[in-house]
Each structure stands twice: as structure tokens, then as C-alpha cells.
Amino acid sequence: MTNTSVLAEIDRRADDLVSLTCDLVAFDTTVRGSAGEPARDEADLQEYLAHRLRAAGATADVFTPAPGSLPVSPQTPAGLGFDGRPQLIARFPGTGGGRSLLFNGHIDVVSAEPMAAWSSDPFRAEVRGGRLYGRGTCDMKGGIAAAVVAAEALAALGVRLPGDLLINTATDEEWNGAGTLASVHHGVRADAAIVPEPTDLDVVTAQRGILGGTVTVAGRPGHAEHPPGDWRAGGAVNAIEKTLPVLAALQRLRERWAADPAHRHPLLPPPSIVPTIIRGGEWWVTYPASCEVALDITYLPVQADEGGWASRVRDDIERTVRAACAADEWLTAHPPRFAWDTELPPAEVGSGHPLAGRLAACATALGRTPRVLGEPSWTDAATLTRYGRTPAVCLGPTATRPDGSPTLHTIDEYIEVSDLVDTAKALALAAVELTGPA
Ligand SMILES: [Zn+2]
């Protein structure tokens with residue numbers, strides 16, 4: 001069996017690849033943003049994939065993690081349940097003596113709202129001008145379809161891989177990565193993994209950690225058209241104005257982080273702190289009693305603690321804000337309160353690891369010019385690498401429009417059909433290349 005016949009088989013299946021992606025898009029798997037939200041079509045999608053993979057010769061396990069089965073950590077809420085949100089692990093058994101390879105993808109997608117802004121129904125994907133439009137086409141139901149068709153093509157050709165080929169499709173990546181985390185706890189692991197997230201067919205080997213939280217600054221209400229008076233004598237305090245030094249301190253910390261030589265990473269952007277939501281005040285004629293700012297924080301592997309978590313980052317932020325408040329008597333007496341939420345640990349596959357180079361060679365064989373890069377955001381590859389003892393990298397379709405703007409999470413998200421086919425081809429070549437004898 002030559003690579004040429006593998007590539008030809010995938011070309012022959014291009015229409016099927018598009019229609020599988022359309023089928024996956026039609027399942028509404030919009031991500032939940034909290035533990036209590038009811039499931040949508042997640043179970044139906046997983047059963048659909050399991051049926052298809054079994055028909056191609058795989059064993060497929062669709063399992064619903066028990067509530068509270070995940071270890072208590074800053075990544076997921078305690079007691080998190082998966083009712084109606086099963087995970088799937090399928091296995092094409094190898095002939096023996098090879099290394100195992102895992103394709104992992106998330107089935108959840110971000111909200112398609114505002115739906116009316118789309119040029120076509122986001123859940124009824126359609127091809128226009130060589131592009132397949134629909135929510136999740138690029139991030140990342142197209143990547144999942146590519147993995148399935150790659151495995152089906154190899155099976156149809158009778159290719160006997162020495163190592164096992166696994167496909168794991170998981171929920172909740174767009175929220176907190178709980179699905180792949182649960183899959184890892186269920187025993188999903190392999191000698192290497194590829195996550196076909198959108199990467200422009202580059203190989204992504206490193207990613208930053210994510211920390212989410214809020215800082216709340218207290219004020220004291222009073223009539224806004226009257227002088228506030230002395231706060232020590234019960235006078236009003238404007239919480240919005242007291243938030244300004246906090247924001248300035250966070251901005252200075254971001255600049256200090258970026259300038260710190262210890263924070264230079266060959267593949268990753270520097271760590272960052274971005275205020276993303278601000279809520280303050282109760283009434284337009286009242287001094288605001290409180291002001292809350294949500295923060296999106298990204299941190300480098302070098303900043304993580306021993307467990308990969310952001311404890312040192314949290315300390316750094318809280319210390320910096322406390323120091324900035326020392327110049328203000330109200331803020332000293334009423335220090336801003338921090339509430340820390342989701343943490344997603346960073347991970348990287350070492351630059352010396354052969355996985356990146358061998359996968360890049362598969363993309364090169366398709367006439368692409370893949371680079372080895374870091375990811376500014378976060379993916380389930382981090383969970384596989386860090387907790388699954390499975391070095392994981394990302395390689396998938398193009399995520400930018402010709403003008404350079406991203407297609408991910410946008411209105412009129414699309415995937416180039418040629419990219420969909422190239423992703424399936426790269427994954428099929430990778431399966432042949434990476435499941436050889438140990
Ligand atoms: Zn994604």
C-alpha cells in the first residue's frame with residue numbers, strides 16, 4: 001500500500017467527507033457555560049459516530065462519566081455531571097508491535113447567536129465557492145470528520161496498521177475541557193495524539209495556560225449629585241473610580257510580564273491579563289456601591305506551579321493589586337476581592353520530540369509548508385499531554401480568511417473544502433507513519 005493510493009482513496013471520499021461534516025454540524029452541540037445546563041444533541045452525535053466507526057471495523061465505547069468522577073481541581077466545578085453528554089472512544093486494533101495513535105476532537109461548538117446575522121442557517125452547513133459554511137465546520141467538526149474519513153479510508157484499503165488507531169470525541173472543550181479530562185480518567189491514552197483543531201495545517205506543539213476570575217472593588221452608595229463627604233464619616237465612595245488604579249496596576253503587571261526575559265518562549269506569546277467584562281453601579285444618580293471586572297489571563301508553562309495550575313500567577317496578581325491599593329486609604333481598608341474561576345493548565349511537547357517533525361512531514365507530502373508553532377489559546381491537547389501521558393499536538397484546517405481575520409467563533413464560520421480533504425490526508429498519512437514498530 002503506497003501513500004499515493006491512500007491519498008487517492010481520500011480524494012475519492014471527498015464528497016462523503018463534506019456530507020459527514022454537514023451531518024455533524026446539524027447536531028446542536030452548543031457548549032454549556034455552567035454545570036446545570038441541559039444537554040442538547042451530544043448523545044445523538046456520539047451514537048451516530050460510534051455507529052459509523054463500528055461499521056468501519058472499530059470497537060466503540062460511548063460512556064457517560066459519573067457525576068463527581070473527575071478529580072477535584074481548579075479546572076472543573078466539583079461534582080460536575082455529564083448527563084446527556086457522553087464521551088466516545090473508538091479503537092481500530094493494530095496487528096501488534098506498533099505504537100498507538102489517537103485522534104482527539106471536541107464535538108461542542110460555541111453559540112451561533114446572533115443566528116439572523118448568518119448568510120445561511122449555521123446548523124445546515126452548505127458549500128458556496130469551495131467553502132463549507134456552518135457553525136463548527138472549522139472548529140472543529142470538520143477536523144473530526146477528517147479523522148473519521150482518514151480511518152475509514154485506511155480500513156477500506158485493507159491497510160493493517162501495526163499499532164492501534166484510536167478516535168476520541170469529547171464534550172466541553174469550549175468551556176473547561178471536562179470531556180477530554182473525563183476521557184483521560186476513563187483510560188484514553190496512546191503513544192501520541194493529534195488534535196485536528198484549526199492550525200492552517202501547521203503543527204502546534206505548545207500552549208499557554210488559562211486563568212479566569214473576577215476582581216470586585218467596593219464603594220459606598222450615596223446621592224451622586226451631592227458631594228460624597230468623608231468616607232470615614234459615612235460618606236459615599238465611587239466604586240467605578242476606585243477600580244481605575246486596579247485596572248492600571250493590572251495593565252502594568254501585563255507589561256512587566258511581557259518585558260520579563262524569563263517569559264520569553266520560543267513558540268508562545270508572552271503571558272497576558274485582559275479585562276473582558278466590567279459591571280458597576282446600581283442607578284445613574286447613585287455613587288456605585290461596587291464594580292466587578294472579569295479577567296482573562298494567559299500564562300506560560302514556566303509560570304505554572306508543580307501541578308500546572310496558576311497558584312503563582314494568582315499570587316502575583318493579588319500582590320500587585322494590593323500594593324497598588326496601599327496608596328489609597330479606602331482601598332487599603334476595603335481591599336478588592338478576587339474570585340478565581342476556571343484554570344486550564346499549559347502544556348508543551350518538547351521541541352526535541354519526534355512527533356512534530358514526523359507529522360509536519362505528512363503535511364509537506366501534500367505540498368503544504370507546515371511550521372511548528374505555539375497556540376495563543378488552549379485546546380484539549382494540553383490535557384492529553386499533561387494528564388494522559390500522551391504527547392499531543394494539533395494539526396488541522398486553515399482558521400483565517402484571506403484578509404488574515406479569524407474564522408473561528410465568528411458569523412459565517414467556514415472551512416475550505418480543500419483544507420478538509422488535506423486534513424484527512426495528513427491524518428491518514430500520519431496514521432501510517434506513526435503507528436509503525438516501536
Ligand atoms: Zn476548538
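Residues are numbered from 1 along each chain as its sequence is written, and side-chain values use heavy atoms, with hydrogens and water left out. Since the model is predicted, local features need pLDDT of at least 70 and side-chain atom pairs count only at pLDDT 80 or more, while totals for chains, interfaces and linings use all residues.

Reader: Which residues are the protein donors of the zinc ion?

Author: Donors here are N, O and S atoms within 2.8 Å of the metal (3.2 Å for Na, K and Ca), and as water is not among the atoms, sites may look incomplete. The donor atoms lie 1.9 to 2.6 Å from the zinc ion.

Reader: What is the arrangement of the four donor atoms around the zinc ion?

Author: Four donors count as tetrahedral if all angles lie between 85 and 135 degrees; four count as square planar and six as octahedral if opposite donors are over 155 degrees apart and all others between 65 and 115; anything else is irregular. Around this zinc ion the angles run from 54 to 142°, so the arrangement is irregular.

Reader: How many residues apart in sequence are the parts that His 106 and Glu 197 tie together?

Author: The donor spacing reads H-x32-D-x57-E. Helices (H or I, at least four residues) and strands (E, at least two) are DSSP runs, numbered from the N terminus. His 106 sits in strand E3 (residues 101–106) and Glu 197 in the loop between strand E7 (192–195) and strand E8 (203–207), so the pair links parts whose separation in sequence is 91 residues.

Reader: Is His 106 buried or exposed?

Author: Buried means under 20% relative accessible area, exposed over 50%, and partly exposed in between (1.4 Å probe, protein chains only). His 106 has a relative accessibility of 1%, so it counts as buried.

Reader: Which residues is Glu 42 in contact with, leaving aside its neighbours within four places in sequence?

Author: Glu 42 belongs to helix H3 (residues 42–55). Its relative accessible area is 2%, so Glu 42 is buried. With contact meaning heavy atoms within 4.5 Å, its partners are Asp 28, Thr 29, Thr 30, Gly 84, Arg 85, Pro 86, Ile 107 and Thr 171.

Reader: Where is Arg 312 found, and what is its relative accessible area?

Author: Look in helix H7 (residues 311–325) for Arg 312. Arg 312 is partly exposed, its relative accessible area being 41%.
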